[in-house]
Amino acid sequence: MIALALSLCLAADPSICVERRLPVEAPASEAACRAEGEARAAAWVASHPDLTLTGWRCTADAPAAAIAEVAPGVFVHRGRHEIAAPGNVGDLANAGFIVGAEAVAVIDAGGSRAVGEQLLAAVRGVTDLPVRWLILTHMHPDHVLGAEVFAEAGATIVGHARLGRALAARAETYETNLRRLLGAAYAGTRVVLPDEGVEGVREIDLGGRVIELAAHPTAHTDNDLSVFDRLTGTWWVGDLVFAGHAPALDGSIKGWIAALEAMRARPASQIVPGHGPASLPWPGGADRTLGYLQALAAETRTAIRRGETMNEAIRHLGESQRPGWELFDEFNPRNASAAFQELEWE
């Protein structure tokens with residue numbers, strides 16, 4: 001993979017410097033990179049005024065994300081079960097890509113530009129086919145903040161019909177929080193809105209390989225989108241399924257339970273969860289997520305019937321489900337609060 005490597009320093013603190021890589025337009029070559037390098041570097045930095053350019057070069061040395069081929073032509077990068085920090089550069093969610101005979105579709109983009117660059121390098125380690133699509137499964141920053149890299153590579157960004165509005169409303173908050181949490185690792189990252197939205201179901205042909213995008217009712221968020229690869233029966237379900245990493249509720253607990261119960265009617269050979277192993281069996285791979293949500297809903301209803309306040313209830317709601325979940329203390333209290341607020345009015 002030929003890339004244009006930019007040497008950059010923070011405008012606010014020139015002592016902090018990073019390197020970022022821009023994809024080179026096809027046909028990618030060092031000569032093409034050199035020909036366009038100066039103009040592209042200047043244009044890119046002009047659109048990222050928090051950075052200053054100190055130099056550029058063309059390179060084939062691009063760090064690539066680790067990937068696993070879970071089915072023929074289906075590749076998954078596994079994110080870490082951590083809170084965003086400089087050491088993990090926001091690499092916290094599963095992402096990957098599907099290779100057809102004519103094009104590539106990338107699914108989710110990671111939690112920073114650095115992660116997006118590494119994922120694109122992983123694609124280029126497998127194929128030179130064009131990346132025509134970036135499909136975002138939902139709005140959360142650990143899944144979307146690497147998107148600009150793929151837009152620069154020529155991809156059309158697609159998400160749920162409600163994704164654009166949700167991202168636009170949260171962009172400033174996401175960028176402020178992640179800049180604080182990631183520090184210099186965040187440099188060059190920004191929220192990019194989708195080009196197209198999906199209502200219902202949409203098919204995309206990658207060349208002899210059709211993938212099916214399905215917009216779900218409010219569940220994990222109000223903009224969950226899944227991707228089904230018909231060729232292998234692999235179903236990318238985003239954060240509708242968690243494994244190992246504690247679930248995060250940002251939509252409707254009743255809707256999420258209903259979504260998982262309805263999804264069980266669809267056969268699939270395996271699923272790719274938003275967090276956890278690169279693949280899980282179906283439908284068993286969703287059992288723990290569904291069990292957690294059902295238990296949290298039942299405990300919340302019991303607490304409400306007993307007359308507990310929300311502050312009293314969230315101290316114990318979900319505790320029966322603690323074993324086996326990482327980051328439980330970081331996410332379960334938020335889930336309990338959201339569940340209480342939703343269910344107290346049913």
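Colleague: Which residues does Arg 21 touch, not counting residues up to four places away in sequence?

Modeller: Arg 21 touches Ala 3, Leu 4, Ala 5, Arg 57, Thr 59, Asp 61, Ala 62, Pro 63, Arg 113 and Glu 117, where contact means heavy atoms within 4.5 Å. This is a predicted model, in which local features need pLDDT of at least 70 and side-chain atom pairs count only at pLDDT 80 or more, while totals for chains, interfaces and linings use all residues. Residues are numbered from 1 along each chain as its sequence is written, and side-chain values use heavy atoms, with hydrogens and water left out.

Colleague: Why is Arg 21 called buried?

Modeller: Buried means under 20% relative accessible area, exposed means over 50%, and partly exposed is in between (1.4 Å probe, protein chains only). Arg 21 has a relative accessible area of 12%, so it is buried. Its place is in strand E2, residues 17-23; strands (E, at least two residues) and helices (H or I, at least four) are DSSP runs numbered from the N terminus.

Colleague: What makes Tyr 186 count as buried?

Modeller: Tyr 186 counts as buried because its relative accessibility is 1%. Tyr 186 lies in the loop between helix H5 (163-182) and strand E10 (196-198). Leaving aside neighbours within four places in sequence, Tyr 186 is in contact with Arg 20, Leu 145, Glu 175, Leu 178 and Arg 179.

Colleague: How do the axes of helices H7 and H9 cross?

Modeller: The axes of H7 (residues 287-305) and H9 (residues 328-343) come within 10 Å and cross at roughly 55°. That makes H7 oblique to H9, because angles under 35 degrees count as roughly parallel, over 145 as roughly antiparallel, 65 to 115 as roughly perpendicular and the rest as oblique. Axes here are lines fitted to C-alpha atoms, for helices over the stretch in contact, with angles from 0 to 180 degrees between N-to-C directions.

Colleague: Which residues of H7 and H9 meet?

Modeller: Tyr 292, Leu 296, Ala 297, Thr 300, Arg 301 and Ile 304 in H7 meet Phe 328, Asn 332, Asn 335, Ala 336, Ala 339, Phe 340 and Leu 343 in H9.

Colleague: How do you know that the span of H7 is close to the expected one?

Modeller: The expected span of a helix is 1.5 Å times one less than its number of residues. With 19 residues, H7 reaches 27 Å from its first C-alpha to its last, close to the 27 Å expected. Just after H7, Gly 307 takes a positive phi of about 85°.
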